[in-house]
Amino acid sequence: MNTRVVGSRVVREDAWGKVFGQTKFPADVNLPDQLYGVVVRSPHPHARVRSVVIEQAMGLPGVVTVLTAKDVPSNSHGVLFRDQPVLAEYIRMVGDPIAVVGAETLELARAAANLVVVDYEVLPAVFDPEEAMTPDVLPLHPALRPTNVLYHMPIRRGSMVEGWARADVVVEQEYSTQHVDHAFLQPEAVLAHVDERGHMVVQTATQYAHYDRGEIAQALGLRFSQVQVKTMAVGGAFGGREDISLQIMAALMAWTTLRPVKMENTREESFYSHSKRHPMKMHYKTGATKDGKLVAMEARIVGDAGAYASWSINVLRKSAVHATGPYEIPNVSVDSYAVFTNNPFSGAMRGFGAAQTVLAYESQMDLLAKALGISPLEIRQRNMFKVGSTTATGQVLTGSVPLDQCLEKISPYLQSGVDSELVQLKLNIGESTPTEAEQGTPTVNSRKLSHRMKRRGIGLGCAWYGTGYGNGFPDVSSAFVEIHDDGSATVLTGAVDVGQGSNSIYAQIVAEELGLQSEDICVYTGDTDATPDSGTTAATRQTYNTGNAVLKAVRQAKVRLLDYAAHKFSCPTAEGIELEAGFIGVKGDPSRRMPLEDMVFQARLQGERFISAESSTALSTPVDLETGQGAPYWPYAFGCQMAEVEVDTETGLVRVLRVVAVHDVGKALNPTQVEGQIAGGVTQGIGYALLEELELHEGKIKNPAFSSYLIPTALDVPNIEAFFVEDPECTGPFGAKGLGEPAMLPTISAVINAINNAVGVRITSLPATPEKILAALADKKEELG
Amino acid sequence: MKYFQPRSVSEAVELARTTESSFLAGGTDLVLHMQTGKVQPKALIDLGKIAKLREIIEAEDYLEIGSMATFAEIGQSNLVSQNAFALWQACQTMGSPQIRNKATLGGNLGNCSPAADGLPPLLALGAEVHLITREGEEIIPLASLLISTPLVPQDTLIRGFRIPRKGLQSGFAKLGRRQALAIARLSVAVAIEVKGKQVGKVSVALGAVGRRAFLSETLGLALSGQELNEAWIEKGVEEVQRVVRIALGDRASAPYKRVAVAGVFREAVASFIPEGGSMV
Amino acid sequence: MDIKFVVNKKPYTLNVDPRERLIDVLRNRIGLMGTKEGCGEGECGACTVIIDGKTVNSCLLLAAQADGCDITTIEGVGNRRSPHPVQKAFVEVGAVQCGFCTPGMVLSAKNLLDKITHPSDQEIGIAMSGNLCRCTGYDKILRAVKRVAEEGDV
């Protein structure tokens with residue numbers, strides 16, 4: 001399909017405001033006479049609140065209110081179940097909010113929060129999911145589940161007896177992953193006030209304004225129509241802004257005091273007030289025939305849901321469905337569990353359950369390749385999904401399944417022995433230490449001496465990712481389009497741009513259809529008083545799903561416009577009318593055309609408007625509860641990456657030198673944004689694989705700071721070469737699929753496999769710290785005697 | 001809280017004597033500690049407006065670096081790279097550009113974190129600290145100062161550092177988890193006297209191996225007065241591992257650090273010894 | 001205490017508490033919201049401002065320490081009619097995603113290019129290493145700075 005605006009490197013409409021520092025994040029807005037809210041949080045992982053004494057805090061001049069559980073009309077919220085208290089009386093994790101103090105200044109509110117006296121009955125806590133699963137451990141949510149097992153998803157396909165009987169080679173290994181924080185740069189903030197209509201107005205940064213509205217209304221006992229959630233600029237999300245953090249507390253205080261309320265997390269508070277990526281233990285057993293065909297796979301996956309359900313069911317379902325990797329395996333048995341503990345609650349994070357299993361299945365592939373004496377590329381090509389393949393849940397993959405094209409594109413980069421120094425790096429940043437930087441200063445003689453202890457290696461990782469809500473849950477997006485009298489247009493949708501650039505994508509889609517430029521399109525999103533609910537910005541669904549809704553909406557408006565024009569130009573059908581470069585007219589007849597604005601204005605004078613509202617629903621089917629069979633997601637996105645690493649055998653430090661990433665995007669609606677998603681995903685993947693780990697001691701976070709929770713810096717990222725494969729997905733807008741989450745998946749296993757390639761040790765638990773690498777090297781040395 | 005901005009050293013010293021104040025250097029640690037409530041000074045004496053304290057001066061026998069010279073200034077100084085290469089190196093990788101623009105060498109000593117990047121190079125280079133105490137001026141070896149607790153009385157001003165100009169070859173390396181904004185998990189500074197193919201006196205200082213950076217006498221003795229070759233490096237690797245093992249005892253980080261220090265030592269030495277192990 | 005400084009070429013005389021951080025004074029007293037607070041401990045660099053030609057973290061600086069200084073915040077760099085080359089490159093190359101790190105990134109890049117017209121890749125990487133970004137993976141940011149460095153007419 002020839003497109004003009006779609007597929008081009010349109011500049012993001014929001015970028016200018018951001019480079020000038022004009023863009024308002026929620027911390028940047030204030031109202032006269034606002035109160036400052038500060039939360040009192042539990043230091044205990046499991047406790048009952050016996051009493052909260054607020055008199056001392058209230059006694060501080062300037063303190064206006066202290067709210068506790070008894071002040072919340074309906075004291076709960078949650079994405080799947082309302083199992084999370086707004087203000088807790090029963091504590092299930094360190095950081096559970098108990099009270100919120102409102103005062104005239106932030107300093108006063110902080111001081112008063114320290115004066116709130118909470119008497120706790122400390123209860124025994126459980127931190128290990130395996131232990132929490134046992135029947136003798138008391139359930140944390142007896143109203144939800146009789147035990148701490150929140151969810152179990154089995155997948156049963158084929159016959160394991162037959163599968164193992166056919167297997168010539170079997171590899172079995174346990175893998176584990178860590179708690180990870182989203183570490184978005186903007187800490188949660190909110191400004192709530194009751195406006196002149198008597199409505200509750202909440203300005204915040206969220207992934208889903210309409211969800212926040214519902215939870216606020218529910219907790220306060222208001223109608224949806226009385227609550228406006230207006231999304232300010234969102235400073236990164238990655239799944240961490242799906243659950244409610246401060247929104248209800250601020251709204252409640254504004255509602256009870258009738259004063260504007262500002263709340264803003266410090267970085268430490270932020271660590272305690274949003275979800276975490278699920279740590280998982282994954283036991284894998286995989287068998288293949290001697291000609292390299294996978295025949296059997298068994299996996300047991302236990303995910304730590306932490307204190308609240310959040311998205312755990314969906315996350316562990318995603319783990320199960322994606323457990324095989326993008327490979328055909330006829331005999332599969334998977335058991336995936338989500339288990340409550342007193343750890344920080346786990347929820348959505350980029351990759352959503354598929355980011356953990358990629359470590360396991362891709363490590364297994366390399367182990368099998370080694371056992372069979374074939375290359376990592378070969379074993380993947382022999383087993384990869386193709387059009388017509390059947391997944392472990394029995395879903396037949398139709399349409400776009402271009403993993404073969406991705407692998408073909410990456411294969412030239414997998415030639416071992418290619419010295420990466422010979423490859424002309426486009427951007428050679430972060431290659432060496434800064435000692436030679438300054439003019440007039442001596443250069444370092446040689447670094448070769450320490451290089452002797454360094455080994456390089458390359459690794460391959462593949463991944464697949466089912467986009468959308470999945471499992472039969474109606475995945476609906478909506479959009480309103482209006483073509484203005486001057487020929488420009490506005491699109492309204494609830495879909496929040498969390499920084500990834502979806503607003504620009506919608507502008508491109510509308511411009512494409514109307515023969516305009518994307519600057520001619522106003523995109524307004526994430527305001528519940530003005531935009532229709534378009535679902536959450538998650539599950540890699542906004543380009544695909546809301547993109548579809550926007551496309552349907554603009555086409556509907558366009559149909560009426562074309563009909564009107566056909567009538568105007570005495571053209572028998574609307575088929576004969578075209579919109580191009582701001583003109584509307586009869587195809588092939590330059591004499592019968594006029595500026596779009598003239599046409600729209602004439603229509604206006606005759607009482608005709610071009611306005612539309614449309615929804616688009618992506619379909620999936622729920623899986624069978626006993627066998628896991630079903631078609632839980634659509635579409636699936638695929639990708640593969642090569643990582644080259646250098647491992648210092650003396651210090652165990654790993655540096656990623658180069659990543660080549662090839663991703664299936666259906667159609668790149670904006671190549672610049674595709675590259676941006678890939679580079680961002682690769683970097684988060686590197687952080688996950690090598691650096692990031694939330695350290696917990698009895699449920700308490702030991703490193704709730706950016707100086708101790710380490711994410712990659714500009715010097716830690718390699719040269720990233722991003723490629724994409726365009727194999728159109730017929731259900732997507734202009735053939736597009738989403739990319740946000742898949743981009744980080746292959747990196748994880750590519751890095752881990754590259755470490756193995758470099759120094760011959762296999763790291764099975766993330767992150768691959770220098771400690772683990774040195775310990776593994778020592779073990780290997782011992783084995784070799 | 002009171003805030004003083006003296007314009008001269010004598011004014012600063014006088015303020016320290018007459019008020020209950022803390023000195024404020026660059027503030028990259030102190031301001032943070034004030035925010036978290038870890039320290040609550042009654043008054044601050046901001047040394048930032050005393051130009052003299054920022055100077056880097058080449059004297060006959062030593063290089064004097066004012067306590068308020070920032071890591072960025074030291075890291076851009078040719079005098080430092082010529083006379084104290086290890087320190088110059090440490091200044092390239094400490095924190096981030098923003099922190100290096102504000103953090104000072106004097107503050108690095110005053111705060112005295114176990115991982116302070118500036119201290120191992122100063123120790124290895126035999127630096128002395130120039131103090132202004134209640135009694136007057138005092139020059140004391142950094143190695144001796146680092147043994148005392150508290151480091152200096154509250155009213156003692158760290159005036160600067162004197163690094164002997166002995167033509168030592170020196171190098172510094174640190175082990176951090178990332179390439180920037182990395183707190184040293186281990187750091188090694190080595191300084192040697194070169195006499196033809198022989199090494200004379202050798203000084204090795206370690207950071208992030210215990211409460212404070214220290215100069216290892218054991219290593220100095222073990223490595224001094226020998227032929228400079230690959231075997232010397234391997235001996236150094238072995239010895240430094242032993243020193244770290246003893247220093248860390250059964251701390252949780254010990255099993256890793258006592259091994260990994262080998263790579264850090266090797267990199268510090270590689271700063272001035274090319275492949276093959278002999279000097280150019 | 002009274003302090004005087006110049007922010008974006010405009011002189012200010014303010015009475016501040018000596019404990020007040022520069023970032024709070026810039027945001028809450030002067031209303032310059034382009035300076036962001038991401039971590040409060042000098043790690044993320046979102047609060048970067050340029051003081052007397054040097055980038056610093058305004059969350060680690062007392063306002064009093066900036067007495068007598070010349071401060072540039074993001075609001076003092078370019079505008080829609082005449083964007084700074086760094087700002088233009090950030091927009092055109094695609095270096096902006098969520099935008100929270102962007103003001104700090106722009107200031108770090110601008111300050112580098114003010115000092116060195118044609119910095120090397122390595123110098124660019126080091127200059128940008130005190131500003132964390134969680135969205136872009138730095139790739140486009142570094143490319144944007146490199147583009148300006150190559151054009152070199154800042």
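Student: Which residue in β12(A) does A:A189 stand opposite?

Tutor: A:A189 stands opposite A:E264 in β12(A). This is a predicted model, in which local features need pLDDT of at least 70, side-chain atom pairs count only at pLDDT 80 or more, and totals for chains, interfaces and linings use all residues. Residues are numbered from 1 along each chain as its sequence is written, chains are lettered from A and ligands numbered from 1 in the order in which they are written, and side-chain values use heavy atoms, with hydrogens and water left out.

Student: How should I read the pairing of strands, and in which sense do β9 and β12 of chain A pair?

Tutor: Strands of a sheet pair through backbone hydrogen bonds, either parallel or antiparallel. Helices (H or I, at least four residues) and strands (E, at least two) are DSSP runs, numbered from the N terminus, and two strands pair if DSSP finds at least two bridges between them. In chain A, β9 (residues 189-194) and β12 (residues 261-264) pair in the antiparallel sense over 4 bridges.

Student: In what order do the strands of the open sheet of chain A lie?

Tutor: The order of the 7 strands is β3-β5-β1-β12-β9-β10-β11 (chain A), with mixed pairing. The edge strands, each pairing on one side only, are β3 (63-68) and β11 (227-231) of chain A. Direction ignored, neighbouring strands of this sheet are turned by 20° against each other on average.

Student: Which strands does helix α7 of chain A touch?

Tutor: Contact means heavy atoms within 4.5 Å. Helix α7 (residues 247-257) of chain A packs on the sheet and touches β1 (35-41), β3, β5 (97-103), β9, β10 and β12 of chain A. Its direction makes about 25° with that of β9(A); axes are lines fitted to C-alpha atoms, for helices over the stretch in contact, and angles run from 0 to 180 degrees between N-to-C directions.

Student: Is A:E104 buried, partly exposed or exposed?

Tutor: Buried means under 20% relative accessible area, exposed over 50%, and partly exposed in between (1.4 Å probe, protein chains only). A:E104 is partly exposed, with a relative accessible area of 35%. A:E104 is found in the loop between β5 and α3 (106-115) of chain A.

Student: What joins the side chains of A:E104 and A:R259?

Tutor: A polar contact is a pair of N or O atoms within 3.5 Å; within protein, one must be able to donate a hydrogen and the other to accept it, and residues adjacent in sequence count only if both atoms are side-chain atoms. The side chains of A:E104 and A:R259 are joined by a polar contact of 2.7 Å.

Student: Why is strand β16 of chain A largely enclosed by the rest of the structure?

Tutor: Of the 13 residues of β16 (residues 454-466) of chain A, 10 are buried, so the strand is largely enclosed by the rest of the structure. β16(A) pairs with strand β24 (residues 636-648) of chain A in the antiparallel sense over 13 bridges. In this pair, A:C462 stands opposite A:C640 in β24(A).

Student: Why do the buried residues of α1(B) line one face of the helix?

Tutor: An α-helix has 3.6 residues a turn, so residues three or four places apart point the same way. In helix α1 (residues 9-18) of chain B, the residues B:V9, B:A12, B:V13, B:L15 and B:A16 are buried. Seen down the axis of α1(B), the buried residues fall within an arc of 160°, so they line one face of the helix; the arc is that of the directions from the helix axis to the C-beta atoms. The face turned away from the buried side of α1(B) carries the exposed residues B:S10 and B:T18.
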